[in-house]
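Subject: Structure handover

Hello,

Here is the structure I said I would pass on. Please look through it first, then read the notes below it.

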Amino acid sequence: MELSILLLGFVFGLQLLVYYAFRQKNKSLPGPLGFPILGHLPLLGQHPPRKFTEWAKTYGPIFQIRFGSFRTVVISDVKLLSEAFSVPSLSGRPFMITHTIPTERKGLVFSEYLDNKEQRQFVLRALKDSGIKGYAFNDAIHESVTQFVQSLKAQEGTGVQVVGLFNLSILNSVWNCIMSSKLPANDLSQVLLGASNRITAFGGLLAQLGVFIPWFGLLFPNLTEITSGTKAYKDLYTFLDEQIKRHRETWIKNKPRDFIDAYLDKIEETTDENSSFFARKNFIRSTVADLFTASSDTTSASLEFSMLYMAKYPNVQKRIQEEISKVVPILSEPSLHDRENMPYTEAVVNEILRFSTVVPMGIFHNATEDVTFHDYRIPKDTMLLSNLYGINHDPEIWQDPENFRPERFMKEDSQQKRKLLHTFSVGRRICPGDRIARDEIFMFITGILQKFDIKFTSVIPSLEGEFGFVRHPKPFEVTFSSRITSVDNKCAE
Ligand code: HEM
């Protein structure tokens, strides 16, 4: 009798233990109260990352909200973010009516994890390979910078609007890296540019409702800008299909002239029907489109902020100019080879990337299955949002984060600090273009500052940006005035 009571007690105790262990593992995440249907969208305000940081103080570095119909987990802590984004089942992409339907989940940005992994490996290798004409990023960027600096000379002394100033040059340099041909005439590049910018726009509340409450978007496609978003993709794809067709007509197997030819080779050698490179899957145009859309607006916005900070902090500008004079050989223009000898300029690039964080909420991830993360249950199809802006402005990591202070990247622990910089996200979907973006920013800043001083015209603008998937500064003007450099002196002799 005593034994059976003991046994019963043991079984009951075990059940209780299992129950509590199970309950612990399935805690749901804390979070603020939102509205029915709209969720927390109306509460995000003008600067959502600040709101996320505010909520994180109450609910912790990982909490949940709703973006319309989407359950959304917001992560504002470096370590948690690195951990979460290294999990394959937290590295999918959510269904977004404006992007998932037109892309059919092909390409790099909106594809699912496994397809993305395959495409990413190829793209990274291909972009690194500078042996093929069209891939040589240094030359491509250099050419764009030279043309850009020439165009500034024509506008010397007059007020120049900076927002939008770099769009075409950046597009041009990416184009030169991907295609061996020249960027087509102006109207065609405007199609490419318009479509790229439309695709990365976040839109107002109505546009957000169209994306995050899909039935509302389907019911009111014009009002919620779903129609114009879808058209942007259509224009872009039509344009790229034509370019790819032209390549196919002149392509010679295993003799790639550029990125597109190398991709055609890859398609040719792929026999596995499950591979994303299998001909019928037709990933090529989406992957190429993604390289344009993901690179042009982001890099242009970073350069616009760079001009804003240079004009605002003339002492930073002067120190970069001194470094250029010291390092860049006479009669030469700055090149990527000079970078290792320009620690101050490199620190400024890091600080620009930190301070501006032009993709403030990253690109949304998706849980592709139920996941238990730090004892919290993240159900399948939960969206994950990285508060990259909050992380790059976290006072626990960055002493005085609201000051633009490049020196923070020059101390002995600067390598450590650079690792904490999360402008390009982290983990399995980390931006594959970070190196190119850094190269572009370095080359444009040094190319411009070698030749010009930058000043605000009259009004000193705010350092605050306009919020969007990609942040830009508010419109502002500067003047570019020629400097007398050692190169000019030498030429005059
Ligand atoms: C300053 C410039 C740039 C910034 C701040 C930036 C930032 C980002 C961020 C935050 C992501 C999201 C990563 C994630 O989902 O966790 C991303 C993804 C991506 N970026 Fe960039 N990026 C920049 C420039 C570029 C350039 C120059 C390229 C290409 C040449 C590029 C190509 C991509 C692609 C293809 C993805 C999608 C990756 C994937 O889904 O696996 N980006 N970028």
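Helices (H or I, at least four residues) and strands (E, at least two) are DSSP runs, numbered from the N terminus. On that basis the protein has 19 helices and 11 strands. This is a predicted model, in which local features need pLDDT of at least 70 and side-chain atom pairs count only at pLDDT 80 or more, while totals for chains, interfaces and linings use all residues. Residues are numbered from 1 along each chain as its sequence is written.

Burial and contacts

A residue is called buried if 20 or more other C-beta atoms lie within 10 Å of its own, exposed if 12 or fewer, and partly exposed in between, with C-beta atoms placed from the backbone. Of the 493 residues in the protein, 43% are buried. Two residues are in contact if their C-beta atoms, placed from the backbone, lie within 7 Å. Taking contacts between residues at least 6 apart in sequence, 73% join residues at least 24 apart.

A nonpolar core is a set of buried Ala, Val, Leu, Ile, Met, Phe, Trp, Tyr and Cys residues joined through C-beta atoms within 7 Å. The largest one here has 109 residues, and Val-174, Ile-178, Met-307, Ile-352, Leu-384 and Ile-441 have the most contacts inside it. Helix H13 gives the largest share of this core, 14 residues. For Ile-352, the contacts beyond four places in sequence are Ser-302, Phe-305, Ser-306, Tyr-309 and Ile-441.

The ligand

Which residues come nearest to the ligand? They are Ala-294, Ser-295, Ser-425, Cys-431 and Gly-433, out of 26 residues around the ligand. A residue counts as near if its C-beta atom, placed from the backbone, lies within 6 Å of the molecule. Helix H5 (113–128), helix H13 (284–312) and helix H18 (434–451) each give two or more residues to this shell. The largest share, 7 residues, comes from H13. By class the shell has 14 nonpolar, 9 polar and 3 charged residues. In this count Ala, Val, Leu, Ile, Met, Phe, Trp, Tyr, Cys and Pro are nonpolar, Asp, Glu, Lys and Arg are charged, and the others, Gly among them, are polar.

H18 is mostly covered, with 16 of its 18 residues buried. The expected span of a helix is 1.5 Å times one less than its number of residues. For H18 this gives 26 Å, which agrees with the 26 Å between its end C-alpha atoms.

The sheets

Two strands pair if DSSP finds at least two bridges between them.

Strand S2 (residues 70–75) runs parallel to strand S7 (residues 383–386), with 4 bridges between them. Thr-72 is opposite Met-383 in S7, and Val-73 is opposite Leu-384. S4 and S7 are antiparallel, with 2 bridges; here His-365 has Leu-384 as its bridge partner. In a regular strand the side chains alternate between the two faces of the sheet. In S7, Met-383 and Leu-385 point one way and Leu-384 and Ser-386 the other, and all are buried.

Helix H9 (residues 205–212) packs against part of this sheet: its buried residues meet S1 and S2, as well as helix H4 (97–103), helix H10 (214–219) and helix H11 (226–250). Those buried residues are Gln-208, Leu-209, Gly-210, Val-211 and Phe-212.

Another open sheet has 3 strands in the order S3-S11-S8, with antiparallel pairing. Strand S3 (160–161) and strand S8 (452–456) are its edge strands. S3 is joined to strand S11 (residues 477–482) by 2 bridges, and Gln-161 is opposite Glu-477.

Loops

What is the phi of Ile-37? The value is near 60°, positive in a residue other than glycine. Ile-37 lies in the loop between H1 and H2 and is exposed, with 12 other C-beta atoms within 10 Å. His-47 is in the loop between helix H1 (2–25) and helix H2 (48–59), and counts as partly exposed with 15 C-beta neighbours inside 10 Å. Asn-254, in the loop between H11 and helix H12 (259–269), also has a positive phi, about 60°, although it is not a glycine.

Regards
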